[in-house]
Each structure stands twice: as structure tokens, then as C-alpha cells.
Amino acid sequence: MITALVRAAVDNRVAVHLAQLLLVVSGLFAYSTMTREIFPEFTREKIRVTAVYPGAAPEDVEELVTVKLEDALDSVDGIEELESTTQEGVCWVIGKLAQGADMTRTLQEVDRAVAAIPDLPAELRDDPLVQEVKTRFPVITLSIHGDLGELALKDLVRPIKRRMEAIPGVAAVQPSGLRALEWHVEVSPEAALRHRVTLDEVARALQAQNRTVPGGTLERARDEVLIRTRGDTETTEQIEAVVVRADPDGSAVRVGDVARVMPGFERALTYGRFDGKTALNLTALKERDGDILEISRQVRELARKLELPAGVRASVHTDLSIYLNDRLDIMKTNALQGFVLVLASLCLLLHWRMAAIVALGIPAAFLFAFCCMALVGISINMMSLFALILVLGMLVDDAIVVVENIQSRIEEGEAPALAAVNGTRQVAIPVFCTVATTISAFMPMLLTPGEMGQWMWQVPVVVSFCLIASLFECFTVMPVHVVEFGPAHAADPAPWFERIKAFHRRAVDWCLARRYRVLSGLLGLSIVIVTLASVTTGFILFDPFESETYFLNYELPSTASLEESSERARDLERLILALPEDEREASITNVGVSAINVDQADRGGHLGQVVFTLTSPRERARGTEEILEHLREETAKLRGFTKLEFKGLQAGPGGSPIEVALEGDDFAALREAADELAGWLRGIDGVHDVFDDSAPGKSELEVVVDLEAAGALGLTTQAVAQQVRDAFQGRAATSVRRLDEDVDLVVRYPLDDRSRRATLEELWLTTPAGDRVPFRAVASAREGRGLAKIVRGDRRRAVTVFADVDTRRANAIEVTDRLKATFEDPMRRERAIDVKVKGQRREAEQSMNGMLKAFLISVLLVYLILGTQFKSFAQPLLVMVAIPFGIDGILLGHMLLGRDVSFMSVMGLVATSGIVVNDSLVLVSLINELRRGGRTALEAASQASVRRLRAIILTSVTTIFGLFPLAFLATGQARFLSPMAISIVFGLAFSTGLTLVVIPCLYVVLEDVKAALGLGGAHEA
């Protein structure tokens, strides 16, 4: 079949060239239209339910909302684990899906379960929101700042926000410092008591008045006229004129008699600043198919075209597209460097025309891969580009074997056309199997579970696309190019390579004669390498990710107000702004919000963050770590902060380096245990930014209802609570439309009254009979202190301890292992507290289990392919001996470079398992062919090793050179991809050198064993 395909291609070269032209056009078009982003978006396999309960204390939200939502999610099949966070007025319940659960179906079931909860508080702002947790990366921030009042600035920003949201690819625009408008109807307690009017009556009167009701149609002889009744409450005068109660004597109590009406804003929850100046910040978040470069370009164009009042400016900053361009340029540079090195290595051992023909297969494979990537929705990002660089040197492996065989036949005097067909046919099966084994090594990576599998699935898919394309090109296009452009006669062999071949022949013969001692020595060497690596090399999930954008999250005592938090943030801003201009680009401050990751943030008046962007490393003298260490030292001198944490952009999934959850029923015991763990972590060199997620809340006044006294008057706890809530939280009676915004009319007491405890204790309550009774007659207020945030795990209270590590001095996995050994059993036994390690440690365990399965599956697939080719059970094992030698090379490389093994290194190990067998496969195939020609085992092993020397060296050298820039020359954010390239480079280099010697020796040993067992296979000694 393959012979017919090659012959058809050679006989119809025009069709081949037309197909190539179609591929070039399609590939370039696909590349130009593909989405570009830094990292691929991935689902976190989680569902989040959010409920907003304005004004409610965290413990009330927990009891009335959070627990009920947890009960609902716990009943849904497919939800494996529950976590929840409760803060003042809001809660989030997150359900993690079990492996294999269908997201769409589970989302529908969760939605139904939440909708079926019978007794959620009526005061919830909206129905609980059920949504999938997805990674949505911020792209760029547009800040509007200047000398304008808040209302004027808000009106100015409103259309700008709409225009940003209309940009293709923008999923949402996240504002900071933007407050909603409100009409404040502030009812005087004294006036309400004097006129015997309740807040509820005022609210109902406004609601009844602010209505437009259709009245039918007036049918006249010539036309029809619509009738409608309209009640306007759009101005202060109209609102104040609303009648609350009309008396029989004709008098009336109006809103203006008991309340002061004025426009305003809702209570501030966040403040925004740009470089220390008050600003409204608009951050564009990209949707899944959004192109980060195009979004950035259009936002910048929008900013340039804005017509702003005098004294107002628009500034664009925190533009991640800049880093995408830089990183893509780095990856492209690495690819170009790799291509040049591959071409140079080919020219050393092949005729220059043959080398060019082989190298041209690389762009052809890439163009085919772009077409396939566009079809399956893979974007241009760091991972897909990494896959292209990873496969760069491998793409020519099959072509090298074919071209080297064709060139050998041409050197023996065969015509180019005949050599192209016969040379391809002779090695077609081994070449097909080499590509199949490489794909078999990569594709099982798709079985990696959890977020890690979602994050890196593009690598094996893109690699497979390229390898399939290279195989097809090798059997069709390349033979045509050899016939048309290849050398027509034999080239003189390179003298230097002939000397290498002669030396290699003597070395192989020497080793074959001492095969048992050689194999024993190599086995001992392998044991020594593994032993040293287990002692000197640790494991980390990811190498440090060099980011230029950092989040300085801070926390003050929970009693701090938003205004106090805003002032304290200026201390941090001054430190950032004090950095030299060649190190700092911009900083924005968000007061009232603190990002946990790109999907989740804590909110509260005592929280905030300063987001600052450093210049490119090429533009500054100090490195990123040096700058961060300086800022840590300076911020450590500041007093009053309960937490200061530096967070950079994360390279992939995994969470914090150290994340330990303590779960139990006694919160005081959890708090004490968290302090103990945090103190232990602070004592470890290299561990920093240690904090936990618990904090005492604001002071509280707990209303205690005297049930007997209240019951005698017809009052219930609910009725008392509602009247207290109306007075202090307020009630949105109705809303009016202003431009494109609904503005609530909020009825409540004035701020002066809401700020005094006496107002609560002097409150007059209304009974169902309409009588007034003092608050003190049926209830009392008890002062205490609650919690700022309540975290729950698996439906129990939890406190989570977080920490970061300096990977040069500490290893997160080892620290968490020591922590578990020290605290897990004593905590459970003595305090009934469960210690659960999360973050990178848990992700590492899950990912490593997945990669182990992938490795075993890839080894099994390789064995099946080899067994099918050789029609033998033993010879595949002979070929696969290269795999442990490849592992030895990987460990040796990491030790020589002083690097820990990472998840990317293990990915490289799995990939290497399929790559290193290719040389062995081609070698054993030739040995078998020579044996069938009548040569003895010793002769066949020796001759095959020498004859395949050029092909084996070339396939290994091209792969190594293709990855060399990424392995050793990568800079910036591309460096975190280096471990996989390092694994393949060292694994392949080490195994190749041994393959040329070990495989011949093992082949002859296998024949020795067969002869000893009387199974044939005798050879000459």
C-alpha cells in the first residue's frame, strides 16, 4: 500500500504540488485567524452557587443560606467535594465534580436542586446564581481619572464601559470604584412617631405611586386612543408629594412630612485609584474565543479616540497582550533557532539538497497542524507553541531515515526515481512504527485528571497533528522532492564521518566481545544514578513563573472601615511608586477587594490590593526576585496590616504552593490550630507570606427577642427583625429609570440615627393591630463580635493556612509532607480536626497519578506496536530497554543542572519513553533484515549498528538541537516550559549513546539464551 502511494506521488508530481499549495494557503489562513492568548483557558471542573443577602452578618448568612445550599448540592450526583465561603451579605458554595462527571448535566441538576430549596430568605437580592467556574483572564485595564464629581465621572464612564463590552471577544468589563445610584428616602424617627407612620407604610406608598398601569382603549369614530395611568416619582418634589396616609378629615401625611429625599449613591464597597489618584478602573475580561491582541488593540484605540472634559485623562495599563507578544516572540525565536540548528545538523551528514528537502517537511507539518488546531478550537498560546517547538526536531526523524536510505541507494548507483520508491518502501514499516510509538507516548497524557489535564491537553494533540502530517509528507511529498531536486549521483562521503564510523565499528565489536561485562557495568551505572537522584533531587509542581504583573494583597483588622483601608493603601502605593522609573510601569489600587486567583476574590472594607506592573527584564538592572525581596522588606516595616501577600500570575493550575485546610466543628480549636501551623511554617527557611483565611469580624449588636412578651403583643421574631432591618439596612421600595440604569428608592433612617446604638434601643415597633410598642418592651441588644468570613469544607467549619516558598531554599512538597507527618495524627486524635493538604501538593498527587497511568499506557502501546512489527514477544522488550536508559539521562541532566524534577519534567519523561525507542526500533529492524540475509547474530548486530549510525545520530541530534534553545536559552515566562525540553534532551542524548552499543549486545545475549535453551539462534563467537 505504501509502495503504491509513493509510486503514485512520484508519477503524478503536479497533483502533489497542487496539494502542497492548498496546504500552504489553508495553513496560513488558519494561523492568521486563530485566537491568541497567553495560556489556554480551562474549566476548573467546579460549579459555583452565589447568593447575595444584603446587610446580613456572616453567621446569619451561613445558617440561613450557605448550609441550605450545601444540602442541595450534596444531593446531586456528580458532586464530589464541597467548599463554601461566607462573608457579610454574600456566600459562595463551590462543588467540585467527580472525575468523569458531565458538566452540562450536573449544572442542570444543581440548578434544579437550588431552585427547589423551600425556605431561603425572601430578602435575597436575586435567586442564587448557578454557574460553571471558568478561568477568565483579565486582558487590559482602562482607568478614567481627573477632577470630576462622582456623578459626572460615572456618567462619563457609563458609555465607555458599554463600548468596551461591545468589543468582540470581551466577556465582561469589571469596574472598580463604580457605585450605583440611589434615591435616599431618610425617614426621621421622631417625625414617623409623631405622625404614626411606619417605614413599611412609606415604602408601600412609594411602590404604589410609582406605577404606570394600562387602562384599555378609547374607541372613537376615526381613531383609537390608548389609556394609561401614570404615577411619577422621578424628582425630589414628586417623591416628597407622595401621600403615605390620608385621614378622614381631609388631611394627609406625605413623604416630605416624615422624610428627607435626596439623590445619592449606594454604600461604597470598593474604591479605585491609578498611580495613587482617584479613578474608575475598567478591566476587560476575555471570553473563551477572544483574541487578547485584538482586544488590547481596540481598547487602546478606544482610549485614544475618547473626547474627555478638561482635567480628565484616560490611561491604559496592565496590558497582558504586551507579555503575550513578548512571550510569543521568544517562543518563535526558540523555534527559529531550533530550525536553524536542525538544518545545520542535517547538512553535516547529508547532501545539502537532501538536508533542505528534509527540513522543508517542518513548515509543511506546522501548516497542517494549524489547520487541525483551528478545526478543534486550539488557540495560539504558550502551550500550543511549546508543543510545536517540542516536536520540531522529531518531525524530521522519519524523513531522515527515509532520505538517508534513499541517499545510500543513490550512492550505490541507483537512479533517483527508483531510489526514492525503493528506499521509501524498504524502511516504510519501521518509519510508520516510529511515528506510532511517539504518538503512543504523548496521547495517554490526555488521561491526566483534574485541572492539570484540562490545562495541558493541547500538547499531545498538537504533537500528534504534526507527527501525522510529517508521516504523510514523508511518504508522498518528500520522494517527489528527492526526484526533482535531489542529487543525481553519489556524493563523496565526509572523511571525518568515515573516521567516526571506523571508530564506532571497533567500539561495537569490542563491546560485543565483552557483552556481559558491558551490560553489568551499565546496570551498575543506572543504579548509581537513580540512587544519587533520589537523594539530591526534589519534586516541585512547576518551576517559578516569571511574571511582570503582581498583586500585593493586604488585609487590616476586620473592624477597619473602607475609608481607613483606603488611607492605609497609600502606604503601599508610596512604596510601589518609589521604585525607579525603569522598573515600574503602572499601579492600580482596588480597595475593598482582594483577588484569590483569576476566578475568585474576597470582599470587605478591610481588604484591598495594589496591582503593579514591572517593566521588561531587559529594561532594568534588577531582577524580579530582587525587586520583590526589596518590597517585602519594606512592607514588613509597616504596622497594622494583618496580611501582606505578593502574588504573581500563575503559570497553570495548582493553587498556592502550600495550602492546608483544617476542618472541624469547634471554631476556637480551629483558630488555635491554625496559629500553631502558621508559626511552624514561619520557622522554616524559605517559607514566606504565611497567613490564614480566618479573621474576627465586625462588632455586632445581637437582637434578642423576648418571645413571651412579643407573643403577647402579636409580634414574632421575624416581624421584629424585619422592622429593625428596614430602619438600618433600608428597603428598596421601588425604582426609577435614569438613562440606562435602574435607580432604587431606599427607605431607611438617616445616617446620624443609623450610627447610634441608642436609635435601636429607642426604636418603636408596630404590632399587627397597629399599636406602637417600644423596642425595649419586647427585645434587647447584646454586643459581641462575629466573624468576617466563614469557610467550610465538606460541610464543616474550616480554616485554611496558606504560604509561599522561595524554591531556591525550600520545596513546597517536602514542607507539606513534613507538616502532615507532624500534625495530621495529633490534630485528629487530640482535637477532632482533620488536616487536608490542598493546593500544589494535592494537584501534584493527582497529576502524578495521572502521569503514571499515562506512562504505563504508553509503554503498553509501544510494546503492542513493536510486537506487531517484529512478530515477537521478546524483541519488543529488547527495544524498550532504551526507556530506562532515557530515564537515567533525565535524572542525570537534572542533577547536573541543579534543578528539581517538576511536573513538566515528568511530561518529558513520558514523551521520552516513545522517542528513545525509535532508534532502537530502526536498529533492530535492520539486524533482523541482515539475519534473514544469512548473517550471524554478531555480524548482523555489528553491521547494523554501523550502517544505521548516520540515521540514528541525525534523528537524535535534530531532536536535541530543536529543543536546545528552549531547554537552555529560554528567558522570561518561557522558562517554566524548559524542564520538559531538558528531560527529552538529556534522556535522548544518554539513551542514544547507549543504544548503539547496548541494543547490539542485548540482541546477541538474547540469541545466547535462545541457543542455551535449544530454541535456535546460534551465532559465531
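**Before you start**

The model is predicted, so local features are limited to pLDDT of at least 70 and side-chain atom pairs to pLDDT 80 or more, while totals for chains, interfaces and linings use all residues. Residues are numbered from 1 along each chain as its sequence is written, and side-chain values use heavy atoms, with hydrogens and water left out.

**Stop 1: the whole chain**

Select the protein chain and show its C-alpha trace, which spans about 125 × 85 × 55 Å along its principal axes. Switch to a cartoon to see 37 helices and 32 strands; these are DSSP runs, H or I of at least four residues for helices and E of at least two for strands, numbered from the N terminus. Of the 1021 residues, 56% are buried, meaning under 20% relative accessible area with a 1.4 Å probe, protein chains only (exposed is over 50%, partly exposed in between). Contacts here are heavy atoms within 4.5 Å; among those between residues at least 6 apart in sequence, 80% join residues at least 24 apart.

**Stop 2: strand S7**

Now select residues 181-187, strand S7, where seven of seven residues are buried. Which residues point one way from S7, and which the other? Leu181, Trp183, Val185 and Val187 take one side, and Glu182, His184 and Glu186 take the other. In a regular strand, side chains alternate between the two faces of the sheet.

Residues 259-265 form strand S12, which runs antiparallel to S7 and is joined to it by seven bridges; look for Trp183 with its bridge partner Pro263. Residues 741-748 form strand S25, which pairs with S7 in the parallel sense over five bridges. There, Glu182 has Asp744 as its bridge partner.

**Stop 3: helix H18**

Move to residues 458-475 for helix H18, whose 18 residues reach 26 Å from first C-alpha to last. That is close to the expected 26 Å, taken as 1.5 Å times one less than the number of residues. Colour H18 by accessibility and you will find 16 of its 18 residues buried.

**Stop 4: Ser566**

Finish in helix H22 (residues 562-577) by selecting Ser566. Why does Ser566 count as buried? Its relative accessibility is 7%, so Ser566 counts as buried.

Conventions. Two strands pair if DSSP finds at least two bridges between them.
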